[in-house]
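The following note sets out several points for discussion. Please read them alongside the displayed coordinates.

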Amino acid sequence: MTTVEEIKTLLQKNKIRFLNELKESKELILLLTKSTTQKLTTEEKGKVKEQLLDICKSIPAFTIFLLPGGSLLLPLLVKLIPTILPSSFRKDIKDLK
């Protein structure tokens, strides 16, 4: 496999993951809006907690990526600390479809 093909494959996989993360974030906004007028169920509270944690995990990952040399450092950190990425990026692609 050539480097160009590998890059295309990675972009496609991460596109699916990114779209899944956006879908989950949209659900978070709906649940937060709902919580202003109604009580959330235990399941809904769990979803809110998980999504807020995912957002909190995204910020350091993107910050590291933006630093000089961050594009080299982030993959190393992901190997050392796999939970640094949001849940959509840790799931297998088959589970996201």
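In which helix is the place of Ile 59? Ile 59 belongs to helix H2.

1. Basis of the note. This is a predicted model, in which local features need pLDDT of at least 70 and side-chain atom pairs count only at pLDDT 80 or more, while totals for chains, interfaces and linings use all residues. Residues are numbered from 1 along each chain as its sequence is written, and side-chain values use heavy atoms, with hydrogens and water left out.

2. Confidence. The chain averages a pLDDT (the predictor's confidence in each residue, from 0 to 100) of 77, and 75% of the residues score at least 70. Among the elements of the chain, H1 has the highest mean pLDDT, 82, and helix H5 (residues 93–96) the lowest, 48. Helices are DSSP runs of H or I with at least four residues, numbered from the N terminus.

3. Helix H1. This helix covers residues 3–35, 33 residues in total. From first to last C-alpha it reaches 47 Å, close to the 48 Å expected at 1.5 Å a residue; the expected span is 1.5 Å times one less than the number of residues. Its buried residues include Arg 17, Asn 20, Glu 21 and Glu 24. Buried means under 20% relative accessible area, exposed over 50%, and partly exposed in between (1.4 Å probe, protein chains only).

4. Nonpolar patch. Leu 32, Leu 52, Ile 55 and Ile 59 make a nonpolar surface patch of about 320 Å². Patch residues have over 30% relative accessible area and no salt bridge, and nonpolar side chains (Val, Leu, Ile, Met, Phe, Trp, Tyr) are joined within 5 Å, like charges within 9 Å. Helix H2 (residues 42–66) gives the most to this patch, with 3 residues. Ile 59 is exposed, at a relative accessible area of 52%.

5. Salt bridges. The whole structure holds 3 salt bridges, each defined as a side-chain nitrogen of Lys or Arg within 4 Å of a carboxyl oxygen of Asp or Glu. One of them joins Glu 44 and Lys 34 at 2.7 Å, N to O. Because Glu 44 lies in helix H2 and Lys 34 in helix H1, the pair ties together parts 10 residues apart in sequence. Glu 44 is buried, at 16%, whereas Lys 34 is partly exposed, at 27%.

6. Network. Glu 27, Glu 43 and Lys 47 are linked in a network of salt bridges. Glu 27 and Lys 47 meet at 3.1 Å, N to O; this pair links helix H1 with helix H2, 20 residues apart. Between Lys 47 and Glu 43 the closest N and O atoms are 3.7 Å apart, and these residues, 4 apart in helix H2, are separated by about one helical turn.

Methods. Helices (H or I, at least four residues) and strands (E, at least two) are DSSP runs, numbered from the N terminus. Accessible areas come from the Shrake-Rupley method with a 1.4 Å probe; for residues, only the protein chains shown count as cover.
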